[in-house]
Amino acid sequence: MDDKNNPKFIAICAVIVSTLPHEDIWRSWLKHDSPNSSASIYIHAKTPSAIQNDSWLKSKLIPVSHDPNWNDIKIVQAMLSLIQFALKEKDITHIMFVTESCIPIAPLESLASLLRRYGTDEDCCCSFLDYYSRESPRCTRFDEHACFHIEGLPTSAIYKALPGWCLLSKKHAELGKELYPLFKSVWAPEEVFFPTALSLVGTLPGSEVVQMSIMWAKWDERAKGSQRAHPIVYDGNFGEKLVTRARNEGYMFMRKFKQKLNLDDWERITFRKSGNKREGVDSDTTIDGKRLKR
């Protein structure tokens, strides 16, 4: 199916406090669209009153704030509200969750090309979550106690995705949304809610969910327990070498950059003319040495 008959329209759904340090990068990325690959941005702010009224950022806010704290079920509520407002735009095919420390590292058309490979029409668009169960070697002792005990849910139905900032198809975005109160006591509930909701409705595991993330995020493997909650910060390390590595491993977005990046450097690296290993992904692509599953 050609691009014209398989357009991809992505809603970037951002959860922030009150600033978007990479606003210029997002504005540039959004402008590089086409009739068959485009994106819009929706923003939930913890403190919207701190944002200048006549700013571009203010114009992208949804009219709801759940005032979430870190490690708070209100983050999931914020994400669900973003979905609600984004899907009012009928052409949206996918939801991509980000935070204020995230940036895109691939052109919009590269993302659309990937999504076309995993969905020929609206009814079979895939979601992308790098999920695992309690039985996985990835499940730590901390995970077992903090993430895989949810009252009222069988342990076999619980899954965790790292990072929690995932991509969902329109078809999957609102499945199980009424279940979020069950996750109130879960550590990092945004990492557990969406994969578990898809599990409970029988979608995950399954062919409609690609077991990978398109958001680069790495954790210090030496850290223990809750100290592993924070991904590595790459401030001062943005460059062609790091982005090429991430792109070659299949990532389209990246975190964590707290400090503002130079727009010219970002554009030069992100929109480079030379190819990379993935303008789309086939079934043999691997990430961190692991074969993709779906």
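Q: Buried means under 20% relative accessible area, exposed over 50%, partly exposed in between (1.4 Å probe, protein chains only). What makes strand S3 (residues 94–99) largely enclosed by the rest of the structure?
A: Count its residues. Six of the six are buried, so S3 is largely enclosed. This is a predicted model, where local features need pLDDT of at least 70, side-chain atom pairs count only at pLDDT 80 or more, and totals for chains, interfaces and linings use all residues. Residues are numbered from 1 along each chain as its sequence is written, and side-chain values use heavy atoms, with hydrogens and water left out.

Q: How do you know that both faces of S3 are covered?
A: Look at each side in turn. His94, Met96 and Val98 are buried on one side. Ile95, Phe97 and Thr99 are buried on the other.

Q: What makes S1 (residues 8–16) and S3 a pair?
A: Two strands pair if DSSP finds at least two bridges between them. S1 and S3 have six bridges and run parallel, so they pass the test. Cys13 stands opposite Phe97 of S3.

Q: What about S3 and strand S8 (residues 167–169): parallel or antiparallel?
A: Antiparallel, over three bridges. Ile95 has Leu168 of S8 as its bridge partner.

Q: Why is the largest group of 95 residues called a nonpolar core?
A: Such a core is a set of buried Ala, Val, Leu, Ile, Met, Phe, Trp, Tyr and Cys residues joined through side-chain atoms within 4.5 Å. Those with the most contacts inside this core are Trp29, Ile95, Phe97, Leu111, Phe128, Ile214 and Phe253. Helix H3 (residues 73–86) gives the largest share of the core, nine residues.

Q: How do you know that helix H4 (residues 108–117) is mostly covered?
A: Seven of its 10 residues are buried. They are Leu108, Ser110, Leu111, Ala112, Leu114, Leu115 and Arg116.

Q: How much of the protein is buried?
A: Buried residues make up 54% of its 294 residues.

Notes:
Helix = DSSP H or I, 4+ residues; strand = E, 2+ residues; numbered from the N terminus.
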